[in-house]
Amino acid sequence: MNKHSTDFNQIVLDLPRQVDTEVAGDIEKESVFVSPWIERIKVNEDRSSVNVELRPGANVEEVAGKARRYLDVMAKQLSGFEIKVFIETKRKDTGPYQLGVNEGLIERGWMHDYGKGQVAYSGPVLKLARLINERSGELYAQAFGAKDGHFPAMVDADTLQKCGYFDSHPNAVTFLGNVVEDIDALEEFRVANSCSEGAILPPHEHIHVDGMCLNPAACFPCYPTLTGKTFADGAAYSWLGRVFRYESRNINGLDRLYEFNVRELVFVGSEDYVRSCRAKALPIVEDARQPDRHRLHGADGDDPFFATVSAAKKFWQAAQEVKNEIKIPALSSDGSVKQLACGSINLHGNFFGKRFGFNDGAGEPAQTGCVGLGIERWVLAAFTQHGFDERRWPESVREKLFG
Ligand SMILES: [Zn+2]
């Protein structure tokens, strides 16, 4: 017997256990991918149950079943998870955090939000984005001899499959579609749009998806270029990558974009080489936040951000490897301080070496690791810390950003 909800409806489900606030946040965020009939899932204050808000017409039992399976996995995968802080820097800017950074940047004409998870920017926002990108590129070149490169924004599905992305993040993939090579289908599409108001998309049967995707992780396009190579001494590469992650309804200004930029650093070589690179990377990431060795933040030579580098495992991530996240405080829409993930440091073992066929000096599949810095989130965090009054920005960067 199926119950259908007739109008706005809610159901309450118990969680298998009480979850911590981090898991509760993930449950709410990822819930947009559970069912098209779910408006949202909200974890209740006791963190032992959730409210599932249904959309009109939902089959309650079916949707509740999906929600239950989802909650079981979320509560299980993340249970007993402990955040380990490696580096913590205290914020020394004594001024208040800036609320409403996205709106403020738009008001000043420094940013345009297209409303679908993409932004355009110019002026101080662009200058800061470039500064972060260039400064980290320079530091990586100095410290690791990282070679510069450029990689495309599109990636083929075979590469993503080889990278294990469909296992770990099936919800975030974007496939590209083309109109079928058929003169009638093309003509129908052309005519439909020739005097329409707004775009008329071709019907599904006239679109073919032939396996091109938008690249969802900066380092992926690098690995096919390494095939057949040997890395006796280890090598490092760095570049600015453009990355796309489908976020469904979770998009929100610079906090959560569909399309964003990442300064990426990849190490390839023996286990020792890759591990030593990662150890070296942690303090360098700290440094990157201080362009030109002048401090980006703080009044006189104090450390800029309060950063928490924490180990985190995510729901859709099948690979069990530990990931270090770089977190910087920002504000939630209600004004409370939250930790915004602005980058990550990952060790992949020999996973990519095996999959793409490149070796270390001993003839074994080489190990890899990567560091990715999400440029737009760093910009958001910096404006949250220093606000719009340029006098609050350290002198050394003030001229560069606002001059
Ligand atoms: Zn990466």
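**Group meeting: a walk through a predicted model**

Strands here (E, at least two residues) and helices (H or I, at least four) are DSSP runs, numbered from the N terminus. Before going on, please keep in mind that this is a predicted model, where local features need pLDDT of at least 70, side-chain atom pairs count only at pLDDT 80 or more, and totals for chains, interfaces and linings use all residues. Residues are numbered from 1 along each chain as its sequence is written.

Back to Asn51. The cut-offs are 20 or more other C-beta atoms within 10 Å for buried, 12 or fewer for exposed, and partly exposed in between, with C-beta atoms placed from the backbone. Asn51 touches Gln10, Val12, Lys42 and Asn44, leaving out residues up to four places away in sequence. Contact means that the two C-beta atoms, placed from the backbone, lie within 7 Å. Leu13 is 38 residues from Asn51 in sequence, yet their C-alpha atoms are 6.6 Å apart.

Now the whole chain. It has eleven helices and 18 strands, and buried residues make up 35% of its 403 residues. Of the contacts between residues at least 6 apart in sequence, 71% join residues at least 24 apart.

On to the cores. A nonpolar core is a set of buried Ala, Val, Leu, Ile, Met, Phe, Trp, Tyr and Cys residues joined through C-beta atoms within 7 Å. The largest one has 72 residues, and Phe220, Cys222, Ala236, Val266, Trp378, Val379 and Ala381 have the most contacts inside it. A second, separate core of 19 residues includes Ala24, Val52, Ala58 and Ala67.

Not counting residues up to four places away in sequence, Val379 touches Val125, Leu128, Ala129 and Leu254. How do α4 and α10 cross? The axes of α4 (residues 123-144) and α10 (residues 375-386) come within 9 Å and cross at roughly 120°. Those axes are lines fitted to C-alpha atoms, for helices over the stretch in contact, with angles from 0 to 180 degrees between N-to-C directions. At the contact, Val125, Leu128, Ala129, Ile132 and Asn133 of α4 meet Ile375, Trp378, Val379 and Ala382 of α10. These residues divide into eight nonpolar, one polar and no charged. Here Ala, Val, Leu, Ile, Met, Phe, Trp, Tyr, Cys and Pro count as nonpolar, Asp, Glu, Lys and Arg as charged, and the others, Gly among them, as polar.

A quick check on α4 itself: its 22 residues should span 32 Å at 1.5 Å a residue, and its end C-alpha atoms are 31 Å apart, which agrees. The expected span is 1.5 Å times one less than the number of residues. Buried residues in α4 include Leu131, Ser136 and Tyr140. After α4 comes Gly145, with a positive phi near 60°.

Arg47, not a glycine, has phi near 55° and sits in the loop between β2 (38-43) and β3 (49-54). Ser248, also not a glycine, has phi of about 50°, in the loop between β12 (235-244) and β13 (259-269).

Last stop: Ala330 in strand β15 (residues 323-331). Ala330 is buried, because 22 other C-beta atoms lie within 10 Å. Its contacts beyond four places in sequence are Lys338, Leu340, Leu380, Ala381 and Thr384. Thanks, everyone!
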